[in-house]
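Hi,

Here is the structure I promised to pass on.

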Amino acid sequence: MSVDKEIAILGIGMHPWGKWGKNFVEYGVKACREAIADAGVSWRDVQFVSGAATMRCGYPGYVAGATFAQALGWQGAEVNTSYAACASGSQALAAARSKILSGQCDVALVVGSDTTPKGFLKPAPGDRPDDPDWVRFRLGITNPSYFALYARRRMEVYGDTLDDFAAVKVKNAEHGFNNPNARYRKKFSLEDVANSAMVADPLRLMDICATSDGAAALVVSSLDFARKLGRQDAVRIAAISTVTPTFASGVVEMPDIATDSAAAVDAHRFRAALPAKAYEEAGIGPEDVSVAEVYDLSTALELDWYEDLQLCPRGEAAALVRAGDTRIGGRIPVNPSGGLACFGEAVPAQALAQVCELTHQLRGTAGDRQVEQARVGITANQGLFGHGSSVILKR
Amino acid sequence: MAKSQAPVLEGWFAVENGEPHLIGTRCESCGTYYFPKQSLFCRNPACDGETFEEVPLSRRGTVWSFTNAMYQPPEPFVAEDPHVPYTILAVELEREKMIVLGQGVKGLECADLKAGMEVELVLDTLFETEDQETITWKWAPVA
């Protein structure tokens with residue numbers, strides 16, 4: 001895509017992640033107000049509100065766009081709500097971009113917010129043998145089961161070790177230590193990780209991310225509008241990839257009980273397809289990336305992402321973490337925010353939180369977490385039912 | 001009195017000549033296999049097949065990866081009290097070119113497993129109540 005297909009990020013806002021037990025609207029409004037103030041616009045300037053839905057907070061969550069438009073004070077803006085599991089925030093952002101690039105609006109607010117229950121994420125109630133999510137829980141296969149299968153596969157094929165996985169946690173804990181929006185701000189050693197309870201062999205409690213409450217919001221605009229505000233130097237969104245898998249999907253994905261059969265056509269890797277489309281759209285390659293925010297649902301999964309983002313050849317991700325390449329100060333820092341390891345997952349907010357962090361990094365306002373000379377950032381995440389996204393930011 | 005037995009999922013597996021197998025379907029146009037069964041539309045984007053034959057899936061495969069469940073999963077899983085950890089295997093079927101998940105047989109541990117190992121499908125208890133045993137497929141190392 002050419003330059004005129006880009007949009008500007010005028011403002012970012014977040015509500016700190018935690019287990020606050022309050023209504024998700026409260027977190028979201030805080031994030032929206034912060035983003036609007038950061039953008040230097042007024043709420044009445046916002047012509048489009050694009051919300052990421054939450055499935056756990058009743059009807060207001062299903063219509064998140066309208067919920068926040070009302071909470072901020074109905075002012076006639078158009079609304080949209082997107083649901084795409086972990087990629088909901090990116091799809092809401094993509095809806096805003098379409099509206100802006102088609103000339104239908106200048107300024108849009110994008111928001112995702114969630115209040116999460118305790119413990120394992122559960123399927124919806126009732127007997128539903130036609131629902132793969134019900135089937136796998138019935139058979140005793142939880143989210144950590146899938147993460148652990150991927151992790152063990154790395155150990156079996158590439159020789160990754162438990163210490164390699166733990167090193168990801170140690171790195172992310174250091175990164176998030178001073179992040180005011182992170183839920184867990186504590187440094188850990190390899191021994192701390194090794195001493196935590198085994199959940200799904202080879203993954204321990206500290207290898208797996210928690211679920212959190214939290215909210216993130218962005219104010220985005222056309223480049224013209226940004227220029228008129230004197231913000232021609234604003235961080236830009238150069239690509240948003242929300243591609244679906246290509247049949248036959250060769251890695252068993254949550255919540256499925258089996259992969260596609262590759263008996264008639266070749267197998268494909270979904271995770272790798274997400275950033276590949278983003279690179280193509282932005283007209284850049286992995287060698288141009290200065291910093292990445294990836295979905296570390298587990299420590300081992302962060303290593304898979306290094307390879308899917310093409311930051312290293314397949315099978316060599318553990319060498320990157322061992323060499324310190326992905327720490328702040330290293331060759332290609334990953335998860336300077338602290339990642340899900342320090343945040344815990346707040347599904348509709350998480351993809352937007354990744355964009356907020358990269359905006360800080362590209363503006364040079366990340367404080368202790370600043371990656372020097374950050375010019376291009378990429379996010380990556382993947383969720384249930386063929387959803388995922390990858391967003392590229394540049395300045 | 002013997003407990004009655006019921007499959008955890010109706011029509012997902014069967015026993016033939018004393019040997020259990022998963023029940024899949026195969027697209028009559030392109031040959032793609034499906035598990036769980038697909039009988040309406042082929043999902044291969046290059047195929048518009050709408051007719052399928054029901055086929056037994058391979059009873060044997062090789063371990064792609066494995067893990068265990070140290071904590072009790074939420075409902076609709078029915079746990080023993082206290083929870084007894086079990087293994088979960090991802091098994092590659094060569095003919096079908098697909099990976100199928102399932103629990104490992106009782107007593108199987110991660111230390112017993114290795115990628116590439118040959119395993120076979122067996123039927124075993126998933127959980128039981130006072131008068132009924134719920135049956136599922138599990139994977140067992142080939143002796």
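Below is what I found, starting with how to read the model.

This is a predicted model, in which local features need pLDDT of at least 70, side-chain atom pairs count only at pLDDT 80 or more, and totals for chains, interfaces and linings use all residues. Residues are numbered from 1 along each chain as its sequence is written, while chains are lettered from A and ligands numbered from 1 in the order in which they are written.

On confidence, the model scores ipTM 0.97 and pTM 0.95. Chain B has a mean pLDDT of 96, with 99% of its residues at 70 or more (pLDDT is the predictor's confidence in each residue, from 0 to 100).

Now the place where the chains meet. Chain A puts 34 residues into the contact and chain B puts in 38 residues (two residues are in contact if their C-beta atoms, placed from the backbone, lie within 7 Å). On the side of chain A that touches chain B, α5 (132–138), α6 (143–158) and β5 (198–200) each supply at least two residues (helices are DSSP runs of H or I with at least four residues, strands are runs of E with at least two, and both are numbered from the N terminus). The most comes from α6(A), with 7 residues. By class, that side of chain A has 21 nonpolar, 6 polar and 7 charged residues (Ala, Val, Leu, Ile, Met, Phe, Trp, Tyr, Cys and Pro count as nonpolar, Asp, Glu, Lys and Arg as charged, and the others, Gly among them, as polar).

A:Arg363 sits in α14(A) and counts as partly exposed because it has 16 C-beta neighbours inside 10 Å. Just after the helix, A:Gly364 takes a positive phi of about 85 degrees. Why is A:Thr365 exposed? Because A:Thr365 has 11 other C-beta atoms within 10 Å.

Cheers

How values were computed
A residue is buried if 20 or more other C-beta atoms lie within 10 Å of its own, exposed if 12 or fewer, and partly exposed in between; C-beta atoms are placed from the backbone.
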